Amino acid sequence: MGLTLRSVLTALISLVSLSQGISLTGPRTLLVLEDDVKTQFQTLISDLEARGFTTTTHTPKSTTLSLFQHEERVYDNIIIFPTKLKGLGPNLPSSSFLKHATAGGNILILLPSSEDDNVPAAIAELATQVDIFLPPKGFAVVNHFDLADQVEPEHNTLLVDLPSFQSDTKNYFNSGEDKAAKLLYRGAGLALGSSPLVQPILKAPRFAYSYDTKEASSFADDENVFSAGKQLALVAGVQTRNNARITFVGGADLLADKSFTKVARTNQMSGNRAFAKDVTAWTFKETGVLRVDGIEHWGEEFGQGVVNGDVYRIKHDVTFSIALSEYSYDHFQPYVAPADDAVQFEFTMLDPYYRIPLSASSSPLTQHKNSTTYSTTFKTPDQHGVFTFTVNYKRPFLSNVHEKRAVTVRHFAHNEWTRSWGISGSWPWIAGIWVVVVGWIGFVGLWLWSKPVVAEGKGKKKQ
Amino acid sequence: MLYRLAQVVSAAHAAHAAVITKHKTRNPNPPQPATTTTNVTASRTPIHPSSSSSSQQKIAMKLLPTSNLLAAGLLLCQWVSAATPSAWTFADATLQISQKGAEAGPKQKFTSTSPISDALTLKNTDSLKILLTTKEGDTAKRPHQLFLFVKDTESELESFFSFDVKESGKARLDLTQKDIPVALLSAPSLSFTLVLGSFGQSTPLSIEIAKITPVLDAAAKKALPEPPLKYQKLNEIHHIFRAEPRSPPKVISLVFLAAVAACLPGLFGTWFGLSANLSHLPKSLAASPVAHPIFFASLLAFEAVFFAYYTQINIFQTLAAVTVISPVALLSGSRALREVRARRLNGER
């Protein structure tokens, strides 16, 4: 009875989420902006609404705004637009953003593009808390090498290539049709700490640098340069340990209507609009979310008749398989790991005894419709104890997968050892036993039935 | 004023709404329609208000509203001058590596076309000095950006250092191992790239000037911190199994097996050689036809049970079998031995 009720509820919930077809976190999106800013981001907001997000607008100083009600998140996603104010209102301290993220909500923060605008204190504080460092007011990124606009005197509108990553990282940020499209960027840039939770999404061109426009107008000396080159991030994403996402965009113009135009120099459409979709989709968990659809393991001892058993024997072949799917906007699809990456599997008792790659299986035990089954077969180590099947798959831009299954690995049973005759070194000893047995039987027979040979005289033959 | 002219040209040639509006907001005067006639020539050439042509442009600005034709002609002039744009470059450049407490090393000269080809090393006691004079075209001038980018040629990791530059363009950079980030020190080779650039239209310059290998002593190598945790594929681990128990070569086992087995015929041979025989067997069977065969069979049965225990059955089955056989062996044994005693008492043994 309870089971049916639960399955009906699950079916209902999945139906609801299917009909909305959006973010895994949820559609409720809070826009923190002033009215005059909204006009600059019409396309971004309408694109989000077209993808099924429901937006609520509040000004930063709003007194009626509350991120939590009855200790539950009111919004699933928050977008902080740039503001002229030095600080956000009393309802938006940096701790409220952290609380929102701790509860699983996502945040997209757009920093002002103009070096004259302020970054609210709460945002700067939040940035340091997640290992992102913002330059003080007055900094701007310039690039003298690849001018977006030949005549712009400030050289601070950058032409940036779409993000590309190492071959072991999945790229969720160039889904636009034109892969060669350039992005228009204007802003101050970000420096990132070494935390693995922080990932640069868009990096500055190689010779670009961020400098203090007030102090170093004639020459960029050491003290007035914030960062330069590939060390300077323009867009950075943080994925917290509970898979909530916080994205910082160094210059809000990147996602503003005025950048969704043709690039003057190349006469091609800029890639900004598609990039804006990619960044919001990743931040609001429409992409890069992994799901484990099933874990199966079986051993040589019982074959596929006993799946997910509790006990395995040492030195036996064991097969482990995990089915992974990833979310893409409105559906789950099979997850395919990048070519140079590997879904790794560990067999652990305190330390990993094995860490081996899982490969996509063509004939899994159980077929999952929308997932890839990764599997491997290995020989259990010659060490008994309680082991764990572990898949700890943490990669940039992907939600964390950390699955553990504990099993017992037993020693040989007494009748599983090699028999003595199977060991060639024991053959003389076994032969010795049988020689004694046969000799003794023979001796008994002779003792019972041997007739003494009478020697000359009366002597008796004694044994 | 200078920029205004250039912006108008650009805006017209780009024929792009957003770019035009952006420039309009900065430029109180709307663009002159006349300039559209020159956009073909202006489109692919950077128009630069460099110092050499500035007077020319000022005239152009004054005349622009009065005569479209003249303006077009002057812009053409400007395009001609722009065909030979000035570029940022440097002169008198030297790189010197000197050891602490020792004489200064040789000065390596390099220019924007010929980098240093020698293999250089930087030890932890060395200091590296780069001196140069920056120029825009032919005149010594300070650019806004004069950086040395230091790149690990293997991991592509890159850091930068900015020069001290005087207004006259004289630039200097001192570098020791301490200044270079630790992440780069473990690199097999560092590529030094000099970057000059500034506002305006002059072409910036980036050129690789040298490849330098950082040499770390053992202590410094040990002190290098662990690289920070990164979410990526980890090294594979494969369990190494303990060695299987080994037996001596089979030949040796077989030789000793043969030796042991040969003892049995040896033993029986010796017994029969000492005139052992079974001559009393018919007599015994006649005297006690039941006891003797059963006694001997029960002994064989014991051995059979032990063999079965060795190969198949367990201890409980073995004990059960022994419990059955033991009284039989006991009873028949006492009868058989009684017959043996009878023979002895008859003096037949």
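The exercises below, each with a worked solution, concern a predicted model.

Local features are reported only at pLDDT of at least 70 and side-chain atom pairs only at pLDDT 80 or more, while totals for chains, interfaces and linings use all residues. Residues are numbered from 1 along each chain as its sequence is written, chains are lettered from A in the order in which they are written, and side-chain values use heavy atoms, without hydrogens and water.

**Exercise 1.** Describe the setting of Arg28(A), and state why Arg28(A) counts as partly exposed.

*Solution.* Begin with the secondary structure: Arg28(A) lies in strand β1, residues 28-32 of chain A, where a strand is a DSSP run of E with at least two residues, numbered from the N terminus. Next, take the accessibility: Arg28(A) counts as partly exposed because its relative accessibility is 35%, the class between buried (under 20%) and exposed (over 50%), with a 1.4 Å probe and protein chains only. Then list the contacts (heavy atoms within 4.5 Å): beyond neighbours within four places in sequence, Arg28(A) touches Thr54(A), Arg73(A), Val74(A), Tyr75(A), Asp76(A) and Asn77(A). Finally, Pro205(A) is 177 residues away in sequence from Arg28(A), at a C-alpha to C-alpha distance of 35 Å.

**Exercise 2.** Characterise chain B by its burial and its contacts.

*Solution.* First, of the 349 residues in chain B, 38% are buried. Second, among the contacts in chain B with a separation of 6 or more, 66% join residues 24 or more positions apart.

**Exercise 3.** Find how far apart the centres of domain 1 and domain 3 of chain A lie.

*Solution.* Chain A is divided into domain 1 (22-285), domain 2 (289-408) and domain 3 (420-459), with bounds from an automatic or database domain assignment. Taken over C-alpha atoms, the centres of domain 1 and domain 3 of chain A are separated by 96 Å.

How values were computed
Helix = DSSP H or I, 4+ residues; strand = E, 2+ residues; numbered from the N terminus.
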